[in-house]
Amino acid sequence: MATNDKTEILDIIDENDNVIGTATREQCHTDPKLLHHTVHFTFIDRKNSKILLTQRSFKKKHDGGKYCFLGEHIVSGESYIEALIRGCVEETNYNANTFKELAHRMVSYQKESEYVKFFVIDFDGSSLEFGKDEVEQYLWLDIKELKNIKLDISEMTKYWIDNIEWNKV
């Protein structure tokens, strides 16, 4: 669906997540007044009590090489759920059937602002296929390992790790 930062069109939203306009992804990444929505997600393997953490490709402009949960920008006209399902297929070649929203937050950086919803996807044990341009490597961690990880973690992922009640998930 998306082609690149210059042509991908995102909805601009207000603080209540109402669409008020559109802009390119590139514009959204250079102007913190252009609040846009995104979705972050990870997998939970309930059978083995493990949570997925990925290392972003070093080729990525934002957080390259950092460990993080997966995410997608929501393109204009798309819902959070549609972006979650699309992103899951694009990032892992996995069809998300069972998932749950755990949290949401608004975050502002120096050059952009996002309203983010965070989901976990129930993993059924089938294979995940990561594109080399997306993920360097991945780890399946139990809750204690996730909470005590000492790797270079993205700011947003650190927030989710620290603020989700993982024992209740």
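These notebook entries record what I looked up about ring contacts and salt bridges in a predicted model.

**Ground rules.** I number residues from 1 along each chain as its sequence is written, and for side-chain values I use heavy atoms, with hydrogens and water left out. Since the model is predicted, local features need pLDDT of at least 70 and side-chain atom pairs count only at pLDDT 80 or more, while totals for chains, interfaces and linings use all residues.

**Aromatic pairs.** I looked up rings of Phe, Tyr and Trp (its six-membered ring), which pair if their centres lie within 6.5 Å, with planes under 30 degrees apart counted as stacked, over 60 as edge-to-face and the rest as tilted. By this rule I noted 12 aromatic pairs. One of them is F43 with Y94, an edge-to-face pair at 5.2 Å centre to centre and 90° between the planes. I noted that this pair links distant parts of the chain, 51 residues apart, with F43 in strand β3 (residues 36–45) and Y94 in the loop between α2 (80–92) and β7 (99–108). Helices (H or I, at least four residues) and strands (E, at least two) are DSSP runs, numbered from the N terminus.

Are F43 and Y94 buried or exposed? Both are buried, where buried means under 20% relative accessible area, exposed over 50% and partly exposed in between (1.4 Å probe, protein chains only). I also found F43 and Y94 in a cluster that ring pairs build together with F41, F123 and W140.

**Charges over rings.** Here I took a charge to sit over a ring if NZ of Lys or CZ of Arg is within 6 Å of the ring centre and within 35 degrees of the ring normal. R105 lies over the face of Y159, 3.6 Å from the ring centre, and the charged end of K117 sits over the ring of Y80 at 4.4 Å from its centre.

**Salt bridges.** A salt bridge is a side-chain nitrogen of Lys or Arg within 4 Å of a carboxyl oxygen of Asp or Glu, and I noted 12 of them in the structure. D122 forms one with R46, with the closest N and O atoms 2.7 Å apart. This pair links D122 in strand β8 (residues 113–122) to R46 in the loop between β3 and β4 (50–56), 76 residues apart.

Which residue forms a salt bridge with K50? The partner is E145, with the closest N and O atoms 3.7 Å apart. Because K50 lies in strand β4 and E145 in helix α3 (residues 143–147), the pair ties together parts that are 95 residues apart in sequence.
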